[in-house]
Amino acid sequence: MAELVVVGSVALDSVKTPFGQVAEALGGSATYFSYAASFFTRVHVVAAVGQDFPKEHLALLEGRGVDIGAVQVKDGKKTFRWTGEYGFDLNEARTLDTQLNVFAEFTPVLSPAMCKAPFLFLANIDPELQLDVLRQMTQPRLVALDTMNFWIEGKREALCRVLARVDVLLINDAEARMLAREPNLIKAARAILDLGPRVVVIKRGEYGALMVADGRFFFAPAYPLESVFDPTGAGDTFAGGFMGYLAQRGLTDATSLRRAMVHGAVMASFTVEDFSLERLKRLDPAEIKRRYEVFQEMVHFDR
Ligand code: AMP
């Protein structure tokens, strides 16, 4: 089992979907990622929160064995806040408000042990912070990155600098088109690969996820759910399952990447069944195994 480091947001989210709403619930890219990955391996979170961040949220991560030693609690500062809503097409989030707060002036500091971790995930956060963490790492074996429209529009140049130095980009379809300035997803994937990564994973919500690696395509469907409640965090949870599985196995070969895609899809399928981390909190590891087996059955066919 290999160590896994993540830098990303730890947030208070206010979310409205056609099925309900929550205010100031636990969220953030690093939160969903680390909680999901904790089912597979030891995760270290690099982030910052304000004084207003409820202590029980950090205790929740610690309870899963997540190392929160590099989560800085800043006196007199407020926690990052995101407000978003979804229409009946749950594949598309509309951001209503983003308050960087504590992340506006945050300097990540990794312990010497964390710098040596072989697996690194640069979750959705300011690309300058992603670069800052990447620079502190000694020689990671696999670095993956996620981002979103907010940073593609606002910090494209810094994002391209970090992209040139990562192995895997995980991104949703609309953002892939925006980053590549190309409407066709296959062409967009190729254009993204030209920016640096060796592997690109394009997440397509209920339509599954596509991976392009070494000139070959792999497609993982989404788990066929009848009730999707809130898609917030699905992408980060997918990444948590993906990277968590690879770190657990200590592998980065083509076959493992495919299995990691399915583990990502399995983990994301739980997150969307409830608001915030509620479904993940009730998750029994046996359920992960069962859904993985359903995936195997779902995509199997004879020649
Ligand atoms: P997703 O997996 O793409 O649905 O990610 C949702 C999470 O991303 C929410 O919990 C938000 O707190 C977080 N988030 C939203 N906007 C940003 C941003 N600009 N930077 C970092 N995290 C964000």
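Predicted model: local features only at pLDDT ≥ 70, side-chain atom pairs only at ≥ 80, totals over all residues.
Is asparagine 101 buried, partly exposed or exposed, and at what relative accessibility? Residues are numbered from 1 along each chain as its sequence is written, and side-chain values use heavy atoms, with hydrogens and water left out.

View A. A polar side-chain atom of aspartate 13 lies 2.4 Å from an oxygen atom of the ligand, and a backbone N or O atom of glycine 28 lies 2.7 Å from a ligand oxygen atom. A polar backbone atom of asparagine 124 is 3.5 Å from a nitrogen atom of the ligand; a polar contact here is a pair of N or O atoms within 3.5 Å. Of the 510 Å² of accessible area that the ligand has on its own, the protein covers 89% (Shrake-Rupley method, 1.4 Å probe).

**View B. The shell around the ligand.** The ligand is surrounded by 18 residues, the closest being Ser9, Asp13, Gly28, Gly233 and Asp236, where a residue is near a molecule if one of its heavy atoms lies within 4 Å of it. By class, this shell has 9 nonpolar, 7 polar and 2 charged residues, with Asp, Glu, Lys and Arg counted as charged and Gly among the polar residues. Helix H9 gives the most to the shell, with 3 residues; helices (H or I, at least four residues) and strands (E, at least two) are DSSP runs.

**View C. The second largest pocket.** This pocket has a volume of about 350 Å³, and among its 14 lining residues Phe218, Val262, Phe295, Gln296 and Val299 lie nearest its centre. A pocket is an open set of points on a 1 Å grid where a 1.4 Å probe fits, with protein on both sides within 12 Å along at least five of seven lines, and lining residues have an atom within 4 Å of a point. The volume is the space filled by probe spheres set on the points.

**View D. Two residues with positive phi.** Asparagine 101, in the loop between strand S7 (93–99) and helix H3 (112–115), has a phi near 45°, and counts as partly exposed because its relative accessibility is 25%. Aspartate 214 has a positive phi of about 50° although it is not a glycine, and at 58% relative accessibility aspartate 214 counts as exposed (buried is under 20%, exposed over 50%, partly exposed in between, with a 1.4 Å probe and protein chains only).

Methods
Polar contact = N/O pair within 3.5 Å; in protein donor to acceptor, adjacent residues only side chain to side chain.
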